[in-house]
Amino acid sequence: MGDRRKLLWTRTALVAVAVGAASLVASNPSPVEAATFVVDSTADAVIPDLNDDEVTLREAVFLADPGDTIQFDSSLFAETIDLVQSIRVDKTLTIVGLGIT
């Protein structure tokens, strides 16, 4: 689960690609495809803890770039996320809930 956090580091202004002994550096990389963050914890904290292996809703919103998607792990079906305080969403995101049938 910790691998999802690497998405944050793929969105850099410079991209370096090593090929054998040579490397290529591009200052204007091609646009990064939209990422998907999977919320797998009902926990909440005002200051996101980016060092653990869980992804909270607040962390997903914090890490997401405009156009990214946030979805919920199936283990959270029918669970409740009690927020410490409201989460400000000031960018365009797609948030996909599990829905209750």
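Two strands are counted as paired if DSSP finds at least two bridges between them. Helices (H or I, at least four residues) and strands (E, at least two) are DSSP runs, numbered from the N terminus. By these terms, Thr-36 has Thr-69 in S4 as its bridge partner. The structure is a predicted model, in which local features need pLDDT of at least 70, side-chain atom pairs count only at pLDDT 80 or more, and totals for chains, interfaces and linings use all residues. Residues are numbered from 1 along each chain as its sequence is written, and side-chain values use heavy atoms, with hydrogens and water left out.

Confidence comes next. The predictor's confidence in each residue is given as pLDDT, from 0 to 100. The protein has an average pLDDT of 76. A score of at least 70 is reached by 66% of the residues. Among the elements, S4 has the highest mean pLDDT, at 96. Strand S1 (residues 15-19) has the lowest, at 37. Over residues 1-27, pLDDT stays under 50. For that stretch the model has 42 contacts (heavy atoms within 4.5 Å) beyond four places in sequence. Where pLDDT is low, the predicted coordinates should not be read in detail.

The overall layout is as follows. The protein has two helices and five strands. From the N terminus on, their order is α-β-β-β-α-β-β. Of its 101 residues, 23% count as buried. Buried means under 20% relative accessible area, exposed means over 50%, and partly exposed lies in between (1.4 Å probe, protein chains only). Among contacts between residues at least 6 apart in sequence, 64% join residues at least 24 apart.

S3 (residues 36-39) and S4 (residues 69-72) pair in the parallel sense, over four bridges. Within this pair, Val-39 stands opposite Phe-72 in S4. From S3 the chain crosses through helix H2 (residues 57-63) to S4. This β-α-β crossover is right-handed: with the strands pointing away from the viewer, the path from the first strand over the helix to the second runs clockwise. S4 also pairs with S5, in the parallel sense and over three bridges. There, Ile-70 has Ile-95 in S5 as its bridge partner.

Thr-69 belongs to strand S4. Thr-69 counts as buried because its relative accessibility is 18%. Beyond its neighbours within four places in sequence, Thr-69 is in contact with Ala-35, Thr-36, Phe-37, Thr-94 and Val-96.

The nonpolar core was examined next. Such a core is a set of buried Ala, Val, Leu, Ile, Met, Phe, Trp, Tyr and Cys residues joined through side-chain atoms within 4.5 Å. The largest one has 13 residues. Phe-37, Val-39, Leu-57, Ala-60 and Ile-70 have the most contacts inside it. S3, H2 and S4 each supply at least two residues of this core. H2 gives the most, with four residues. Ala-60 is in contact with Phe-37, Val-39, Val-55 and Ile-70, leaving aside its neighbours within four places in sequence.

The loop between S3 and H2 holds several residues of interest. Asp-40 is found in this loop. Asp-40 is buried because its relative accessible area is 13%. Its side chain reaches the backbone nitrogen of Val-55 at 2.7 Å. The C-alpha atoms of Asp-40 and Ser-74 are separated by 8.2 Å, although the two are 34 residues apart along the chain.

Glu-54 lies in the loop between S3 and H2 too. With a relative accessible area of 39%, Glu-54 is partly exposed. A polar contact of 3.4 Å joins the side chains of Glu-54 and Ser-41. A polar contact is a pair of N or O atoms within 3.5 Å; within protein, one must be able to donate a hydrogen and the other to accept it, and residues adjacent in sequence count only if both atoms are side-chain atoms.

Thr-56 counts as buried, at 8% relative accessibility. Val-39, Ser-41 and Ala-43 are in contact with Thr-56, its neighbours within four places in sequence being left aside.

Ala-78 is found in another loop, between S4 and strand S5 (94-96). Ala-78 is exposed because its relative accessible area is 56%. Its phi is near 65 degrees, a positive value in a residue other than glycine.
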